[in-house]
Amino acid sequence: MRIKTLRNIFKNYNIIVKLNYHGKSIILKTNIDTITYFCLILILFTNAVLLSDFISVYNIHYFRENFLYLITRTLLLLIFFSIIGYSLFKILGIKLQTFTIIYAGLGISLSVLFGFIIIIFTSLNFLIVILFFAAVTAIPYLIERKDIRKIKRKYLNYLRGNISIFALLCYLLFHFARILIKMPLSAPADSYVYGYLALATTKENLLRNEFVSFLSYFRLPLFYVIGGFASALLQDPPLLTLPILGALGSILIACSAFEAGRHLTGSKTMGLLLSLLFTAVPFATLKFPLPVNDLTVSNIANGTYQQHLAFTIFIAAILAHIILDIQNEKKVILIALMSAVAVLLNYRFTVFSYTFFIVTLLNYFFSRKPITRIFILSTALLMFFLALSPATNPLISNLLYFTRMIPGTVFTERESLKILFERINYNVVCYLVISCLTFLLIFFVKSNKDDALVLCFVCYVVFMFLSLNDKLYNLFFFYLSPLRTVYILYPLSLFVILKIFSNKPNMQFLILLTLTCLFIMSGGIQFSLKYYLPENQSISSIRQLSRFLANKQNDVLILNEPSWKGMQLALVNDLQLSFNYYIWKRSYENNIYGPANDRDIHIFSRNQEFLNIFIQPTNYSMVNSILKKYNVKYLIITDSWRIVVPGLREISPSLSIYSFIGICKPLGPTRYIDAFNANPQLRLVANINDEYYIYEVCFDV
């Protein structure tokens, strides 16, 4: 008696429904897999709606102003990038019967490269972005020259054939819009730097001030290019577009898991289970270090959007390897493009992208050769490239650093392994255990392992353990810290498990079901809002603030509060702000480490005086004299509890650096604002939702 697999039961047991409509018989045919999939989607939607707090009548306005805004903007970016990627597929002659997230990954990659070329000559704007979109999308239709009616009929059939992934996309749009509403829109440090540079790419005056030479474009990864590109398209400031890009990345990561799971198992239901594992937050909590807490939420909360989008592109490259034919040379082109862009978006992916591309390339050329030969050749080539890469070799990186006439070293002292393991939380331990078990299964399970994905996973695990050695770490693996490696190994391990058990569908199902139940018991799948940060920031407040600042002249000095919330204004408009985190940080470091030019000295000394206003707000004579000295026109205060001041920040017991530290406001938020209200030289001109208080400085009164 033959034992039927779960895959056969799901796919071959059909359900037929006959309906009579005006005398006509309509037959609907489906299988258990499809019914189970859509039932799970419905359950997820129901839970998301019931756990949301905007369904009451009181919150209808809040829903319209915030929730719909986020969904429409995210959907617009998804459609825009997907059409660009789809057009590239058509140009290369690659045909897929189903919609794939690779389209969006390719669209983002092309947009980064195009945006970088444009900002060398001029700033990004809406017209340039639309012309790029029109040019790329028109090429395949000019080549094919098909009748419009045939194209319309073709796309209607295309939509019907991809209803399952579109249903998942609708849920994920809803889910991550909830997340953005429940947490601050932008976190400190990284997002402030990239957000300001993204704003600079859309403003000609800022562009020429910040990028004075060709090398200056590469002082940071090129995430700011896609940030400016999205801002130009959406006509919104980077303070809003960067989190939306983060949400888009999370959606693409979750959908990539669904596609890979569906392709490797042949079941939509198991693809959905894998997607749930990618969106899971173990124990429904965010714990330090945030960027390695989970795959889809932590980077948005932490503001490390550049790492998140690079990871998205990297996962899209892996998905291209999984679903495209290994003998297709165009697949290698797509993987090369996305691997390169992943590195350009975040240098931490240098080792991963090099490894994956080299192994894929050699696997294509030597597809009939033993896998050990491919391993040896790929490792040798990888070490050669890494030894010459300024992103991973400290010697070359420092030489480039010195050529820009900035003394010092790029790299700081490495944290000891003791401190490293003290930072590991339950989430990281869970990911590490799953990755190590997968590593062992590769050698003990009898299956076809002649695959670039399996080989890359083995390389990554070996590199992670090699990076524990300080000498090897400093020579080759600077960006391959164990914590971040585990973060990337976990999703790959799930792909590899399904790959090595491709001939054992029952085992695939049991493994995915076990892992899903594990995370559900920990409260980590979708069904809780506990892990969202409690602080809330209204999107409508930022939009109102943006409209207010849009009417102000560029030559007017605005004194914004030196809090993280106050310094967000530098991501809204190109006005002359006193506390711009990126400029303030650069002038501070140049004054400490040298050399500092006249502009750095002026900004540093001026901001030191401005800090006294926020530390002693009731000393009106001092406050007003400083405001008059620098001819400040507007003063902006926020409801934040803390302000930021320069100081020594401890990285480890043996390492402290000059950076910015937070201190509590001297009077508490309420009395602090009352102190400015009582200043006779300040007139309150705007109160934006009790979050931003804007004062006009009036010395003629």
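Ground rules, quickly. Residues are numbered from 1 along each chain as its sequence is written, and side-chain values use heavy atoms, with hydrogens and water left out. Since the model is predicted, local features need pLDDT of at least 70 and side-chain atom pairs count only at pLDDT 80 or more, while totals for chains, interfaces and linings use all residues.

Start with Leu 569. It sits in the loop between strand S3 (557-560) and strand S4 (576-577). Strands here are DSSP runs of E, at least two residues; helices are runs of H or I, at least four; both are numbered from the N terminus. Buried or exposed? Leu 569 is buried, at 1% relative accessible area. The cut-offs: buried is under 20%, exposed over 50%, partly exposed in between, with a 1.4 Å probe and protein chains only. Beyond four places in sequence, its contacts (heavy atoms within 4.5 Å) include Leu 545, Leu 549, Ile 636 and Tyr 692. The C-alpha atoms of Leu 569 and Leu 549 are 9.1 Å apart, at 20 residues along the chain.

Next, Thr 360, in helix H16 (residues 350-365). Thr 360 is buried too, at 4%.

Now backbone angles. Most residues other than glycine have a negative phi. Gln 235 has a positive phi of about 60 degrees. Its loop joins helix H10 (223-234) and helix H11 (238-265). Gln 235 is exposed, at 56%.

Last, Asn 689. Its phi is positive, near 55 degrees. It lies between strand S8 (682-688) and strand S9 (692-697), in the loop. Asn 689 is partly exposed, at 41%.
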